Amino acid sequence: MPRSRGRDGESMSPSASDDAHPGQKPQDDTAPNEVPAEAPNVAPSTALTGDTTRSPSTADDPADVGGHDAAMGEGTGEGTGTGGGTDAVEPAPSDDVTAPDGATVTAGGQDTGAATAELPAARAPSGPGGQPGHPGQGAQAQAKPKTEISCSGGFAQWMQRNAISIAFSSYQSGQLFLVGAAPNGQVTFHQHGFGRAMGLWADRHRIYMATSSQIWRLENVLREGETANKRFDRLFVPRNAQTVGPVDIHEVGVEPSGRIIFVNTKHSCLGTLSLTHGFRPIWKPFFISKLAPEDRCHLNGLGMEQGRARYVTAVCRSDVIAGWRERRSEGGLIIDLNDDQKLLTEGLSMPHSPRVWQGQLYVLNSGRGQLCRVDRQTGAIEEVAFMPGFLRGLSFVNNFAIATLSLPRDKSFAGLQLDDELAKRDADAWCGIQVIDLNTGDVVHWVRLKGGPIRELFDVTVLPGVRTPMASGSIAGGDAHITWEREFGLLHREAAPQAQPAAVGGGAA
């Protein structure tokens with residue numbers, strides 16, 4: 001099977017440690033059904049109705065999951081669904097946040113030309129009298145401009161050849177996007193609402209997604225060979241949300257034991273989950289004198305290697321409140337956690353997403369629009385590719401890098417070299433994802449979002465061995481897809497046996 005990485009390239013134990021989450025993934029890890037590398041471009045059925053409850057006794061019957069679906073036959077079309085989330089704020093829990101819970105828009109997968117689709121903007125949660133942010137009756141849809149999504153021709157076939165699908169998060173509009181390739185050669189987009197969706201980690205059956213104050217665990221509830229809505233081979237449902245508090249969580253990683261590590265940007269540290277408290281700090285940069293909710297250096301990126309946290313990025317080495325804001329242009333740094341008194345490299349511009357792939361270190365030099373390769377001994381920087389946008393989020397499959405691009409903010413990103421680079425190339429900034437050939441630095445595929453409220457993306461991850469993913473269920477949980485284990489559990493759990501004391505002065509009996 002082609003090599004791929006799902007957020008950090010590391011495998012994870014099905015059972016988690018105490019400071020991660022309880023439970024196991026019930027699915028096996030056998031390879032999925034093969035999908036053809038090339039397939040005719042045929043519009044699928046758009047009927048998506050029915051109950052969201054299924055019996056687990058039938059493996060072949062697909063589950064109908066609520067939501068809207070649309071198809072584009074020859075590269076143009078319009079989606080008819082809605083997605084949750086609101087602009088720049090985390091919505092209050094409400095049964096109406098995502099009902100229906102997302103939009104699936106299918107883009108044509110022809111080999112030449114670009115496919116386009118339109119996604120309606122999300123509606124805000126509503127309460128009595130139409131007041132946003134309060135649960136209750138009388139939810140009213142808010143009409144907003146639509147976001148047009150387009151993608152490069154042959155993108156579906158590229159995903160099929162590499163046996164992956166893609167998830168990316170929209171930080172500013174609060175959306176999780178799942179992008180897949182249907183067997184008929186079309187690209188599927190599924191949109192699901194979360195407030196302030198940020199860091200991602202994934203494998204074939206599980207997605208972790210950070211918001212600014214919580215870490216969500218979404219589980220695939222389909223067994224091997226099952227499909228949802230006759231098309232999707234993964235159905236991710238929110239099963240757990242660990243509330244950390246408003247610490248501005250950025251990137252996340254998962255150790256093989258299941259322990260979750262996250263970047264606590266507000267407190268300038270790495271943290272893990274605590275059963276009692278918001279978080280347990282596990283590391284801070286040597287130049288940070290104490291933990292304080294002051295976002296001193298804007299610690300933001302986490303790179304894992306062989307199951308361990310290895311590299312972090314920060315905008316600068318400031319040790320005062322919000323000190324990074326004055327040092328965005330050239331204060332950026334990478335720290336090697338194997339020697340955390342050592343700055344591997346400095347002089348970057350708002351770096352994000354350090355990643356180890358095939359033994360080499362990569363980073364996004366975001367304020368200059370560069371994907372860079374970093375010498376792990378000397379810290380020397382080599383530009384691999386320029387991409388026209390503010391870069392955050394980086395993942396890999398085989399010899400390709402996948403990164404997200406955002407439109408620069410007028411104030412936060414003003415004065416960065418990215419502006420000059422765009423002007424020099426007579427180019428407009430993008431919001432979307434681009435796929436880079438690591439040998440040549442060329443853009444081989446892309447997805448672009450234009451118009452509407454979606455202006456910024458945050459993270460991207462590959463879902464290895466997954467063809468067409470979707471998600472279901474609002475953050476309130478009232479419309480979550482209901483499944484249950486095949487076998488009954490034990491009525492009473494036996495206590496673990498006590499360890500016997502070792503014999504003193506032992507020897508063979």
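Start by selecting S406: its relative accessibility is 0%, so this residue counts as buried (buried means under 20% relative accessible area, exposed over 50%, partly exposed in between, with a 1.4 Å probe and protein chains only). Before you go on, know that this is a predicted model, where local features need pLDDT of at least 70, side-chain atom pairs count only at pLDDT 80 or more, and totals for chains, interfaces and linings use all residues. Residues are numbered from 1 along each chain as its sequence is written, and side-chain values use heavy atoms, with hydrogens and water left out.

Stay on S406 and colour by strand: this serine sits in β25, residues 400-406 (helices, H or I with at least four residues, and strands, E with at least two, are DSSP runs numbered from the N terminus).

What does S406 touch, leaving aside residues up to four places away in sequence? Show G389, F390, R392, W430, C431, R455, E456 and L457; a contact here means heavy atoms within 4.5 Å. Now zoom in on L457: its backbone nitrogen is reached by the side chain of S406 at 2.8 Å. Next, pick L391, 15 residues from S406 along the chain, and you'll find their C-alpha atoms separated by 6.4 Å.

Next stop: a sheet. Select β16, β17, β18 and β19, which form an open sheet in that order, with antiparallel pairing (two strands pair if DSSP finds at least two bridges between them). At the edges are β16 (299-305) and β19 (343-348), each pairing on one side only. Look for the twist, which averages 20 degrees from one strand to the next (axes are lines fitted to C-alpha atoms, and angles run from 0 to 180 degrees between N-to-C directions). Then highlight β18, residues 332-336: 3 bridges join this strand to β19, and the two run antiparallel. Click I335 and you'll see its bridge partner in β19, L343.

Now for another sheet. Select β8, β9, β10, β11 and β29: these 5 strands make an open sheet in that order, with mixed pairing. β8 (200-202) and β29 (469-471) each have a single partner strand, so one side of each has no neighbour in the sheet. Between β8 and β9 (residues 206-210), which run antiparallel, there are 3 bridges. Select A202 and look opposite, at I207 in β9.

Finally, zoom out to the whole chain. How many helices and strands are there? Count 2 helices and 29 strands. Buried residues make up 58% of the 509 residues.

Conventions: Polar contact = N/O pair within 3.5 Å; in protein donor to acceptor, adjacent residues only side chain to side chain.
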